[in-house]
Amino acid sequence: HHPVFENYPVYDDMPEPGRDPAGPVVYVGDVTEIRGALTLVEAAGRSDTTDRLEFIGRCSDQLSADLRGLATELGVQIDLRGWMPHNEAMASVTAASVGVAPLHDVPNYRRSLPTKTLEYLALGVPVVASDLPGTRRVIGGLPGVQLVPPGDAGALARALDTVDGDPSIAEAAMAGPADVRTTFRWPADE
């Protein structure tokens, strides 16, 4: 028997909380189809308020070409920034309006928590994420969080519009970073 610890972020190198309501929607992590990259571009194309996306993470050349082609077709501006050190990625998040985790419903993601959602919240940035059991269990009731059916670009677009159109969601997210950083951390004593 061995202890199992939740996979929480380390906040030591995190910048101070911040958000730019006019900033892009940001995704941090490996950029793949099953992590919702194409769904996110499609959602931005359907959104009334989102026209700029920033992807921070590794992306294959083929998917990069597919994302750029779809973005051009839908009139969405995307910035594929590639991999960057954690502290730089988190600094970029503070210049975003919303952080997203549009994972598809696959076994690997169904029960796990995308730690990026806690990182976004620890920076005071509202979150739109796929409504998967592991994600819902940890962040479903937290302020500033909108959960959407996985792979549903229309629902994702509506959630992005809701966050943009309802200042109370962003205010709730900005009020919570200290609680997130205290509650969701590695159990150092153990």
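**A strand covered on both sides, and what surrounds it**

Strand S1 (residues 25–28) is covered on both of its faces: Val 25 and Tyr 27 are buried on one side, and Val 26 and Val 28 are buried on the other. Here, buried means under 20% relative accessible area, exposed means over 50%, and partly exposed lies in between (1.4 Å probe, protein chains only). In a regular strand, side chains alternate between the two faces of the sheet. The model is a predicted one, in which local features need pLDDT of at least 70 and side-chain atom pairs count only at pLDDT 80 or more, while totals for chains, interfaces and linings use all residues. Residues are numbered from 1 along each chain as its sequence is written, and side-chain values use heavy atoms, with hydrogens and water left out.

S1 has a partner in strand S2 (residues 52–56), and the two pair in the parallel sense over four bridges. Two strands are said to pair if DSSP finds at least two bridges between them. Within S2, Glu 54 is the bridge partner of Val 26.

Stepping back to the whole chain, its secondary structure comes to nine helices and six strands. Helices (H or I, at least four residues) and strands (E, at least two) are DSSP runs, numbered from the N terminus. The radius of gyration is 16 Å, close to the 16 Å that the globule rule gives for 190 residues, so the chain is as compact as a globular protein of that length. This radius is taken over C-alpha atoms, and the rule is 2.2 Å times the number of residues to the power 0.38. Along the principal axes, the C-alpha atoms fill a box of roughly 50 × 40 × 30 Å. Buried residues make up 48% of the 190 residues. Of the contacts in the chain with a separation of 6 or more, 76% join residues 24 or more positions apart; a contact means heavy atoms within 4.5 Å.

Helix H1 (residues 37–46) has several buried residues, namely Ala 37, Thr 39, Leu 40, Val 41, Ala 43 and Ala 44. Their cover includes S1, S2, helix H2 (61–74), strand S3 (77–82), strand S4 (98–101) and helix H7 (153–165). In the loop between H1 and S2 lies Thr 50, which is buried with a relative accessible area of 8%. Leaving out residues up to four places away in sequence, Thr 50 touches Val 25, Ala 44, Leu 160 and Asp 161.

Another helix, H5 (residues 115–122), has seven of its eight residues buried, so H5 is largely enclosed by the rest of the structure. The buried ones are Lys 116, Thr 117, Leu 118, Glu 119, Tyr 120, Leu 121 and Ala 122. After H5 comes Gly 124, whose phi is positive, near 80 degrees.

Val 180, in helix H9 (residues 177–183), is buried at 6% relative accessible area. Not counting residues up to four places away in sequence, Val 180 touches Tyr 11, Leu 118, Leu 121 and Ala 122. Ala 129 sits in strand S5 (residues 127–130) and counts as buried at 1% relative accessibility. Apart from neighbours within four places in sequence, Ala 129 is in contact with Ala 101, Thr 117, Thr 135, Gln 146, Leu 147 and Val 148.
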